[in-house]
Structures are given as structure tokens and as C-alpha cells.
Amino acid sequence: MACGCLVVLLGSAFPRIALLLTWLFSDRVEIAFDDQWLLPLAGLLFLPYTTFFFVLAYAPVGGVSAIGWFFVAFGFLLDLGSYFGTNRYRPTDSVA
């Protein structure tokens, strides 16, 4: 249990590392994605928060519950924020 809490805390700041550690040292990714490797790999590269929250929310018997889908959607918003939340298009103050 303590190791699981550590992975969740790690996932809040570094979702790719946490998902990779979960994939290497547990079978949750294989259970959540039915022993496929391409979809979790794409999630690891492009949508790490969404994939990590899906793996954590997935239950082998019932799938993802309603509160689990809330966290998956929250992870998707975090992914979108990480891609589009840059200061690149922010107007700069001109010094005259």
C-alpha cells in the first residue's frame, strides 16, 4: 500500500515515470489494456496523465466507475493544459 501511494504521488508531478514504473513492476497496465502494448505506449508518449489515471481507475471486474471517469477526464484536462498552457502566445510588455 505504501508503494502504491508513492507511485500516485510520483504520478502527480511525473506521470510518464510513474506510468512506466507501474508498467514495469505491476500488472495493472496489462489488465487495463487487455495485454496490448501499442495503446499504453501511445498514452505514455502523448497523454500520460489520462493513461495513468485510467490505469489507476480500472477495476478488473467492473471496468472504470463513474468517479473513475471523472479522474480520467481530469487527467485529459491536465494533458491539454500541459500542451496548450504555455506562455508562448502571451502578449509581452514593450519597454519604450
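What share of the contacts in the protein chain with a separation of 6 or more comes from residues 24 or more positions apart? That share is 53%, with a contact meaning heavy atoms within 4.5 Å.

## Ground rules

This is a predicted model, so local features need pLDDT of at least 70 and side-chain atom pairs count only at pLDDT 80 or more, while totals for chains, interfaces and linings use all residues. Residues are numbered from 1 along each chain as its sequence is written, and side-chain values use heavy atoms, leaving out hydrogens and water.

## The fold at a glance

The protein chain has six helices and zero strands (DSSP runs numbered from the N terminus: H or I of at least four residues for helices, E of at least two for strands).

## A covered helix

Helix α5 (residues 48-57) is mostly covered, with eight of its 10 residues buried. Among them are P48, Y49, F52, F53 and F54.

W37, L38, L41, L45, F46, Y83 and F84 make a nonpolar surface patch of about 830 Å². Patch members have over 30% relative accessible area and no salt bridge; like charges are joined within 9 Å, nonpolar side chains (Val, Leu, Ile, Met, Phe, Trp, Tyr) within 5 Å. A salt bridge puts a side-chain nitrogen of Lys or Arg within 4 Å of a carboxyl oxygen of Asp or Glu. Areas come from the Shrake-Rupley method with a 1.4 Å probe; for residues, only the protein chains shown count as cover.

Helix α4 (38-46) gives the most, four residues. W37 sits in the loop between α3 (28-32) and α4, and is exposed at 57% relative accessible area.

Methods
Buried < 20%, exposed > 50% of the residue type's maximum accessible area, 1.4 Å probe, protein only.
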